[in-house]
Structures are given as C-alpha cells and as structure tokens.
Amino acid sequence: RDFLPRGSGIVTRRPLILQLIFSKTEYAEFLHCKSKKFTDFDEVRQEIEAETDRVTGTNKGISPVPINLRVYSPHVLNLTLIDLPGITKVPVGDQPQDIEFQIRDMILQFISRESSLILAVTPANMDLANSDALKMAKEVDPQGLRTIGVITKLDLMDEGTDARDVLENKLLPLRRGYIGVVNRSQKDIDGKKDIRAALAAERKFFLSHPAYRHMAERMGTPHLQRVLNQQLTNHIRETLPSLRSKLQSQLLSLEKEVEEYKNFRPDDPARKTKALLQMVQQFGLDFEKRIEGSGDQVDTLELSGGARINRIFHERFPFELVKMEFDEKDLRREISYAIKNIHGVRQTGLFTPDLAFEAIVKKQVVKLKEPCLKCVDLVIQELINTVRQCTSKLGSYPRLREETERIVTTHIREQEGKTKDQILLLIDIELSYINTNHEDFIGFANAQQRNTQTNKKRAIPNQVIRRGWLTINNISIMKGGSKEYWFVLTAESLSWYKDEEEKEKKYMLPLDNLKIRDVEKGFMSNKHVFAIFNTEQRNVYKDLRQIELACDSQEDVDSWKASFLRAGVYPEKDQTESEDGAQENTFSMDPQLERQVETIRNLVDSYVAIINKSIRDLMPKTIMHLMINNTKDFILSELLAFLYSSSDQNSLMEESAEQAQRRDEMLRMYHALKEALGIIGDISTSTVSTPVPPPVDDTWLQ
C-alpha cells in the first residue's frame, strides 16, 4: 500500500508513529479519530497531510507532536516504525531560523531511547563520511548496537561507480552493517507504479547488477523488513524471562487474598459472623498494642497513643503543676493576713499560729484540681484518637466501624466522669487531714532555722538534662538566626553549637534568674515557639531581652519545657495584680510578724512539695486503672455483646462499595495474570535469535 505523503522539499513535518499489526483484514486507524476505520489508503495519505497542516500550517512549518497511525494488514509483520523529518539546514516558508536545531532535538528525542533501533538513511550518491544521520546515531549509540545503515538511490549512482565496498561493510564499516534499497522515483509515483511492481523492480536490480548480485539476498526492502522483525524477536526473547518472573511474583502476592474470595458469597451468614469476630478481635489487639507498645510493626514516623499518654503523665502534667505554683509576694501577703486575722484585735502573738499554716496549705491544694482535670482531658483525647486510628482498619464495613467507634467512645466518656470524681476525691482526702507528722515534713523547729534561698535544689551541676535541635527564631537571617543549632541543657547552663558534634560552641547561657514564657505562633510559620528571659530585665543574648526557641511540634515544646523545669527554670507567672494589690504589697511588717511569715512560708513549701509528689504518683495510677485498663477490658470482653445488641449482623457487616470494587478488581487482575502467564508459556522458546555482531572499527565517524 502507498499511503505516506511524497514530494519535493521537507514533506514529513511531524513525527509519524506507524504501528504495523498483522491481521486478516486490511484497514488503518488514527489515534486522533479512533472511531473511523480507513480502508482507502489514499484517504490515509490525505488525513496525514491534513493533520500535519492542522498543527504546523501549510507553509513548511514543523512540530514535535507525533501523528499516531495503526495499519492492520495480512501483508505486514508486527513492527512499530517512526518516520522522522529529514535533516534540513536552510529554513524555507514559515520555518524558524533555528530549523536545523529544532529537527535535531526532535530526532534525538526518539533515537535516544534504548529500546529503539535506528535506521540511518543515506543516499548512495552522497559522501557517506558526511552523513548527518550516521553522525547523530553515533552520538546516542556509540557501541553501534542499535544502528543499521540504509543506502538508497543505488540506481542513481554515476555510471562506472557502485557502493559494493560500503554494502559489504568494508569501507566505512558499521557494527550491524548496511542494507541497500531501491525506491520508486518521482516519475514512477506520478505513473501510479504500485508497491508490488516496485519490489519486483528492486529485486531485478540487485540480481542483475554485477556489483550486487552476489549479495542480492541481503539487499532490498523485504530483507530490511526481516532484519527489523528479527530484532523485535530478539528483544521479546530477552525480556520474556524477566516478564515471566514479574508476573509470577504478582500472582503469588495475590494468591492469599484471592483464596478468601474464590468461593465468596457476600450474604453468607457464617462468613459474616466469622468476619465480625475477626474484626473485633483485631481491633482489640491493635488498641492494646498502641497503648501498651509492641516489638512488632513499630511505627517510626509518629508517637503511638501509649507513648503520647506517657508524655502527658511525665512531661505535660508536672509542667502544669509547676505553673500552678504560688507567687512569692502573693503568698507572703496571704500568710501575713491569715496571721493577723487569727490574732484578731489582739497584738501579734509570740507563737506562730498553726491555723494560718493549715489555711494557706488548703488553699494551695485546692489549686491542684485544675491541672489534674486537664490531665484527664488530655488522656481522653489521646484515647479517642487511638480508637479512631484502630477503627480505620474496619473501613471495609462502614457501619461496623461507625458503631465500634460510637460504643467505645461512649464508654470512655462514661469512665471520664468516674475518673474525675476519683481524682477530686483524692484531693479532698488530702484536704481532710493535714499530716504534720509526715516523715518528709520539715516541722516548725526546722522551718524557723531554714533559709528561704535553699528551698529549690538543682540537679548535679554538670549533669546533661537534654540535647536536641532548636531554631533561634527572633534573630535575623543576616545575623545567623532563623536556623537550627544543637542545644545542650545542663543543670547550670544552656549552650548551643553548630552541630551535634559539639565542637564549635556558639554561646553558653547561665540558667540563673532565667524563666520561660509562651510565644504566639507566627501567622506564616509552622513552628511552635517558647521564649527564655531574665527576671532581672537583663539582656539574655547580645542585645536581646529574650531568645525565642522554635520546635516543629507542640509536643517538642512541652518536652523542652519539662526539661527546663528539671534544670530549675520555671514558667513565668501571670501578673494579674491590681494597682491596689501592688500598693498593699508595700506595707511594712514588724520583725516578729516577718519571722512568723517566713516560718509558715517554709512549712507550706515543704508540705505542698509532699502533696505534689503524692499527686504526681497517684494521678497516672488512677487514670491507668479507671480509664485505660478499664477501656482495654471493655473492648476485649464486652464490645462484641454491645455490637450485637446495637444492630443486626447483616447491617453491621454490609460491605462498602469500595471493598466490593476492590474485590472484583483483584479477581480480574488474578485471572489476567494467569492468562498472561499461559500465553508466555505457549510462546516457543526455540524462537530463532541472532547474536550481536562483533564490534568494528568505526573511528571514521568521530
């Protein structure tokens, strides 16, 4: 069939991807008009010309957008050919000035692919050593494994000359050699000479020409077609083993899941019961693993529910307790008022009244209720998040997931009330009896002698409390800020270094008179920030009154704050005193009253420390017993009964549309893989393949 456009000048102005497919019937299809089958190949040529003009215009313009054409015929071998524009150097018509480079880039785009075979076409009446086609092929295929030389216009060579040495691969050799072809002339095309007659004339030319008759079997278009088909066969043969193993591994990975669905009946009650029991059991195991921790399938991307709750118990809760600590001025004023009110109209007595101590202690203990209840709320939030994460695996059954989440969350909320009641009871128990005989209590005698400055003991001086990366947030980038440093916190100082090797120290900040305050997150920032400042209004670092330190998450901020607490750096108190209060603070006390205030202040400090220690110990135990362990037991022993009573089994185990679709796709994929493996198995392994030709000296192409 003759359907490719012919003419003078540049005719192929867009790449034509031509797929030849062996078929009993003969027709053609274009990708841009799929619905139409072309049986008249003159129409095919006209469509190629029209589609070329549609994108490039009618005045010789070019485009890298390919035209896709499929030709089905009993006279072709299965091949994909790409017809590329010829190399031109001088622009004509609407062609751009850099036409040569545009065509070159277009050609390289296709011939650079390792899977493509390059046909470097050169006319016989041109100097082969200057062939642009061969030079470009050499660029992308330096070993010559993919390049076949095609010599055209052998019938137009000057009389007395021939291309015998070239075609025998002696002169200017290529690794895969050359194949000569004789195409129709423009006169033949104008005279409507068909392809069969042209092939017969080509065959006659090679058999009758004295220079070529000895190699006529290796010349001509049919031989070129066979060579290309053989290369396709070689390629398929090379890729079959890897393709087979890939398909087999995919089939094995699907076997286990498909086994469940081979005799699948969606409405089988026995299957639904079994699936329900398995789902609830798996949910219980997942919940326990997330809370208790496990060695298998450890999440390395984020903290699990249990690890988060542990941080609440040992970092967040102690920090909240410290934030509730009394303000020194307020406390002293309250103690002095209490002493005066107890003495009433009488003059201040010689002895310190223990009633003042009890009144102040009880007031401080009541303040513990707020952080304790906040701790319960934080744990509840983590438990509910953990339940949601575990129910995500029940996504195949939306109703079951919804009911499981509702039942367990309702139970957690019920336990919330009991837990909070128990914690308030613990605080009420502490309020009911002030045990001044406690072994850790300093007593009245020691309180009178004790110096107020020794009441807060720091850890071992050189002990490293924490190391980690932090960003200094409030220094401009020009001065080295807004970037990460490696921070080391000890009991006496905060140092930062260039990196974790700790060789290049940037600064060391003593912890004396330092406190922490919260800083609001910036509008455009993803970082969470807290600040360190000096209580005596001194600069902390260079000309800064405070340094803002930024972390990636609020959890990291809370963790660093807890570490600073251990180093004796406490959070800033909210200054909500009124002006009147400030004036009352300035009153003077007589020495007798001052000694009594100091004594009770030391006693309160000692006793509140005992209460805090007790609460810090009992809070996690109470929450674990009444909430976490109780919820775990509920899931394992009672959840199934609640599910059965809340809804019938059929509606609970109704599959989601996504699950049904996934199952159908999996079964379809499974059968397709088996069919593909069967086809590969049927392909004869005795397919003839040709070895790669040995290398030749192609330095002439450099």
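I began at Met619, which touches Phe317, Cys372, Cys375, Val376 and Ile423, leaving aside residues up to four places away in sequence. Contact here is heavy atoms within 4.5 Å. The model is predicted: local features need pLDDT of at least 70, side-chain atom pairs count only at pLDDT 80 or more, and totals for chains, interfaces and linings use all residues. Residues are numbered from 1 along each chain as its sequence is written, and side-chain values use heavy atoms, with hydrogens and water left out.

I then looked up the largest nonpolar core, which has 63 residues. Phe357, Leu383, Leu400, Met619 and Ile623 touch the most other members. A nonpolar core is a set of buried Ala, Val, Leu, Ile, Met, Phe, Trp, Tyr and Cys residues joined through side-chain atoms within 4.5 Å. Buried means under 20% relative accessible area, exposed over 50%, and partly exposed in between (1.4 Å probe, protein chains only). Helices supplying at least two residues each include α8 (269-292), α11 (354-366) and α17 (591-637). α17 gives the most, with 16 residues. I also noted a second, separate core of 27 residues; Ile465, Ile516, Val540 and Val569 are among them.

α12 (residues 369-391) and α13 (residues 398-432) pack at about 165°, axes 10 Å apart. Therefore α12 is roughly antiparallel to α13, a term for angles over 145 degrees. Axes are lines fitted to C-alpha atoms, for helices over the stretch in contact, and angles run from 0 to 180 degrees between N-to-C directions. The contact residues divide into 12 nonpolar, four polar and nine charged.

I found Asp605 in helix α17. Is Asp605 buried or exposed? Asp605 is buried, at 16% relative accessible area.

Leu172 has phi near 50°, positive in a residue other than glycine. Leu172 sits in the loop between α4 (164-167) and β8 (178-180), and is buried at 17%. Asn513, also not a glycine, has a positive phi of about 65°. Asn513 lies in the loop between β12 (505-510) and β13 (514-519), and is partly exposed at 36%.

I logged 20 helices and 16 strands. These are DSSP runs (helices H or I, at least four residues; strands E, at least two), numbered from the N terminus. Of the 702 residues, 41% count as buried.

Definitions and conventions: Parallel < 35°, antiparallel > 145°, perpendicular 65-115°, else oblique. Nonpolar A, V, L, I, M, F, W, Y, C, P; charged D, E, K, R; others polar.
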